[in-house]
Amino acid sequence: MDLKNINQIEEASTLTKKDLIRLGLAVIFMIFVCLYVGNITDQVAGHNLLIVAAVIGGYMALNIGANDVANNVGPAVGSNALTLTGAIVIAAIFEASGAMIAGGEVVNTIKDGIIDPDMIKNPDTFVWLMMAALLAAAIWLNIATFLNAPVSTTHSIVGGVMGAGIAAGGTEIVDWPVLSQIVLSWIISPLLGGFFAALFLFLIKRKITYQQDMLAAAQRLVPLLVSLMAWAFSTYLILKGLKNIWKTDLLTATTVGFCIGLATFLIVRPALQRAAVNMDSTKAGVNSLFTLPLICSAALLSFAHGANDVANAVGPLAAINDAIVSQTVSSKASITPWVMLVGAVGISLGLALYGPKLIRTVGSEITELDKMRAFCIAMSAAITVIFASQLGLPISSTHTAVGAVFGVGFLREYLKHSNAKRMEEIRAHHEHDAPEKIAAFLNEFKKASIDKKGLMLKELKLQAKIEQEHSFLTKKERKSLKKVYRQELVKRSHLYKIAAAWLITVPLSALLAGLLFFTIRGIMLP
C-alpha cells in the first residue's frame, strides 16, 4: 500500500472520529433534555409523554441551528469578513440571546394558521399531531442538512402540521388559501432577494469599482450605504426581532431606524476618511471597508432569527406542554422557561456541531463572494423582509438569503459576459489595425470609468458602417462568441438541488408527518 492510500485512510478515519464526536455531543444534549425536563415536570400528569416531546423539540432545535442559521453568517464567512469559528461564536450568542430576550412569552400553537385547532377536540389527538409534525420537520431538516441544501424551517413545520392535521381531521382541517400563500413564497422570496442584492451590487460596481479613483468614490458612497444598512436593520429588528416585547407600527420603526442610520452616518463618514489615508485605491482596499458592517449584520440577523424562528422549535413543544397540563386545545400557548431554554441551547449547539457544512455551502460553494457582494446579500435580507411584510406578501428568510446569493452570482455572470462581448467587438472593429493599436485601445478601455467607456463605445459605433451599427460580427459569429464567453460563476448543480429541496419541503414533511401520526396513534391507543 503506497503512502497516498495510507494518507487517504487516515483522513477518512479522522472525519469519522469527528462525526462520532458531533453525534455523541448531540445525543448527550438530548439525554440532558430528557433528564432536565423529567426532573422539573415529575408532578405533571402525562409526564413521560412530555419528556418524549421535549427530546423531539431538542432534536428539532439542533436541526434548525444546523440548517437555517447558515443563511445569517454564511456570506460573512465566505467573504472572509469572519472566520468560521468567529461566525459560530457570534451566531450562537446572538441566536440564544434573541430567543431568550425577545422570543416572547406566548406563541401560536398552529404555525401560520395552516390548520384549524378547533377541529381537534381531543387533547391527546392534538398532542400526537404536534409530536408527529415536530418530528417530521426535524427529520426533513436533518436530511436537507446532510444533502447540503438550505431549506426553510418554517415551511418544514408548516408541512408537518398540515400532514399530521389531515391525518387527524381530514382535508377540511387545512386552510388552503394560507397554503397557497406559502407556495407563492417559494417564488416571491428568492426573486425579491435576488433582485435587491443584484441592484445593490450593480450600484456599488457602477459608482465605486468602475470608477478610476475607487477610493475617492468609496469615501462618498460607503458611508451612505452603511447608514442605509443601519436604517434597514434597525427597522427590521424593531418590526421582527423585537415584536414580542415591543409592538409598534411601520412609521415608528422607520423613524427610529432613520435616527439610528443618521447617527451611523455621522460616525462612519469621518472614521472612513481617516482610514482612507493609509489605504490603497484598489478593489481590495474598498472591500476592507465593508468588514465591520458585515460582522454587525451577521450578529443582528442572528438575533432576529433567534427571536423569530425559535418558535419553529418551541411553538409545537409549548403547544404540547399546554395541552398536557391544561387538557384543552387552544390556539395560543404560553412558553415556560424550560421550553425556551431547550430551543435556545439546541439551536446554538446545532449550529456549532453541524452548521459549518451549510455555512460553507451558502458562503462559498454557490458563487464566490467578497465583502462587497456579501454586504449586498445582507442588505437584501433585511430590506426584502420589510418590503414584503408591509405589502402582505408571503416571505421566507431562508429563500430570501439564498436567492440573494444567486442574484449576486448571476449579475456577475451577466456583467462578465457583456464585458467579454464588448472586448471582442472592439477587436473585430480594429481587425485591420496594428496589434499594438488594438492593445493600447483595450488597455485604455479597461482603465476608463463607466461613463468614459460608454463614450468610447459610442465613438466606435459612429465610425462603423450603418449596416454594422449594432453588430461588428455576423450573426453566426456572435452566436458562437456568446457560448465561448459565457463564464459560469454560479454552480448550477447547487441551484438545481436547492430548488428541488424547496419544492418538496412542504409535501414531503406533510407525508412524513401523516405517517408518523398514524404510527404514534397506533402506539398510544390501548
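## Loop residues with positive phi

N80 is placed in the loop between α3 (70-78) and α4; helices (H or I, at least four residues) are DSSP runs, numbered from the N terminus. The model is predicted, so local features need pLDDT of at least 70 and side-chain atom pairs count only at pLDDT 80 or more, while totals for chains, interfaces and linings use all residues. Residues are numbered from 1 along each chain as its sequence is written, and side-chain values use heavy atoms, with hydrogens and water left out.

Most residues other than glycine have a negative phi. N80, which is not a glycine, has a positive phi of about 70 degrees. N80 counts as exposed because its relative accessibility is 63%; the classes are buried under 20% relative accessible area, exposed over 50%, and partly exposed in between (1.4 Å probe, protein chains only). N148 also has a positive phi, near 60 degrees. N148 lies in the loop between α5 (123-146) and α6 (153-169), and with a relative accessible area of 14% N148 is buried.

V89 lies in helix α4 (residues 84-102). At 44% relative accessibility, V89 counts as partly exposed. The C-alpha atoms of V89 and A352 are 7.9 Å apart, although 263 residues separate the two along the chain.

## Salt bridges

Three salt bridges are found in a search of the whole structure, the term meaning a side-chain nitrogen of Lys or Arg within 4 Å of a carboxyl oxygen of Asp or Glu. One joins R22 to D19, with 2.4 Å between the closest N and O atoms. Both residues lie in helix α1 (residues 3-40), three residues apart, or about one turn of the helix. R22 is partly exposed at 25% relative accessible area, and D19 is partly exposed at 40%.

Another salt bridge pairs R492 with E413, the closest N and O atoms being 2.7 Å apart. This pair links distant parts of the chain, with R492 in helix α18 (residues 492-524) and E413 in helix α14 (residues 397-429), 79 residues apart. R492 is partly exposed at 21% relative accessibility, whereas E413 is buried at 3%.

## The second largest cavity

D370 and R373 form a salt bridge with closest N and O atoms 3.6 Å apart, and both residues are buried. D370 and R373 are also among the residues that line the second largest cavity, together with L201, K205, T209, K283 and M372. A cavity here is a set of points, on a 1 Å grid over the protein atoms alone, where a 1.4 Å probe fits but cannot get out; lining residues have an atom within 4 Å of a point.

α7 (176-209) and α13 (371-390) each supply at least two lining residues, and α7 gives the largest share, three residues. The lining has two nonpolar, one polar and four charged residues (nonpolar: Ala, Val, Leu, Ile, Met, Phe, Trp, Tyr, Cys and Pro; charged: Asp, Glu, Lys and Arg; polar: the others, Gly among them).

## The bend in α18

α18 bends by about 45 degrees at T505, and a proline, P507, follows within four residues. The bend is the angle between axes fitted to the seven residues ending at a residue and the seven starting there. The end C-alpha atoms of α18 are 46 Å apart, which agrees with the 48 Å that its 33 residues should span at 1.5 Å a residue; the expected span is 1.5 Å times one less than the number of residues.

How values were computed. 1 Å grid on protein atoms, 1.4 Å probe; cavity = no way out; pocket = protein on both sides within 12 Å on 5 of 7 lines; lining within 4 Å.
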